[in-house]
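Please look through the structure below with helix packing and aromatic rings in mind. The notes that follow take up these topics in turn.

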Amino acid sequence: MAARPSPAVQDYLKAIYRLEGDGDSVTTTQVAQSLGVTAPSVSNMLKKLEQLGYVEGGGRRGVRLTSEGRTSALDVVRLHRLVETFLADTLGMRWDEVHREAEILEHHVSEALAARIAESLGHPDRDPHGDPIPTEQGLVPDSPTSVSALWTLPEGATGRVSRCDDRDPELLRFLAEVGLVPDVAVEVLARAPFGGPLTVRVGGERRVDVPPDAARGVFVLGGR
């Protein structure tokens, strides 16, 4: 079995995977902002990743993961999301706590332990925030194509929350308080002028004012 990349390399591969989205190349600036490091540090690491065969491209056009890079990225993404699910479902940790802990533990969970965790959880295909969990074979569950950020939806739009951005604990605490969690029904009732909050009906009953930054971190299935 090939040696697992170092934790630093894993962090970069995971960040690039997340930034690629629909297949776009990823720039040095995007990676720097995502990881909170300097652009020169990113440039040096991207050169290393290219030498290791994990990325290709470079320069102004940005980089993309190679097949090997994607495989390694999906490995750490799988471990991260399985750990999040285990911490939430088995240990009862809040969903705003599990991301930070998984960032640490993902580098130390063996594939054998990951397989046991997945089995004990019933092989979940989504983590607590709604993100897909890759399989042991590196397959990613199909994501719905009609998912949009809540902030982009017009008045009258309806749908169900598909996933929520997991990187900001304060955001997750707010979303939990107002009930904007995966699978809940939502309806956009009004948009305040000049970039003000959205007024949303949550779960068919509760009316909630959602600030713009929070609405950008909630993704809704349907909704157009």
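How many aromatic pairs does the count come to by the ring rule? The count comes to zero, where rings of Phe, Tyr and Trp (its six-membered ring) pair if their centres lie within 6.5 Å. This is a predicted model, in which local features need pLDDT of at least 70 and side-chain atom pairs count only at pLDDT 80 or more, while totals for chains, interfaces and linings use all residues. Residues are numbered from 1 along each chain as its sequence is written, and side-chain values use heavy atoms, with hydrogens and water left out.

**Charges over rings** (NZ of Lys or CZ of Arg within 6 Å of the ring centre and within 35 degrees of the ring normal)
- Arg163 lies over the face of Phe219, at 4.0 Å from the ring centre.
- Arg191 lies over the face of Trp151, at 4.7 Å from the ring centre.

**Helices H2 and H3**
- Helix H2 (residues 28-35) packs against helix H3 (residues 39-51) at an angle of about 110°, their axes being 9 Å apart.
- That angle makes H2 roughly perpendicular to H3, a term that covers 65 to 115 degrees.
- In contact (heavy atoms within 4.5 Å), Thr28, Val31 and Ala32 of H2 meet Ala39, Val42, Ser43 and Leu46 of H3.
- The residues of this contact of H2 with H3 divide into five nonpolar, two polar and no charged.

**Helices H4 and H6**
- The axes of helix H4 (residues 67-89) and helix H6 (residues 111-120) come within 10 Å and cross at roughly 45°.
- That makes H4 oblique to H6, the class left once angles under 35, over 145 and from 65 to 115 degrees are set aside.

Note on methods:
Axes are lines fitted to C-alpha atoms, for helices over the stretch in contact, and angles run from 0 to 180 degrees between N-to-C directions. Helices (H or I, at least four residues) and strands (E, at least two) are DSSP runs, numbered from the N terminus. Ala, Val, Leu, Ile, Met, Phe, Trp, Tyr, Cys and Pro count as nonpolar, Asp, Glu, Lys and Arg as charged, and the others, Gly among them, as polar. Rings of Phe, Tyr and Trp (its six-membered ring) pair if their centres lie within 6.5 Å; planes under 30 degrees apart count as stacked, over 60 as edge-to-face and the rest as tilted.
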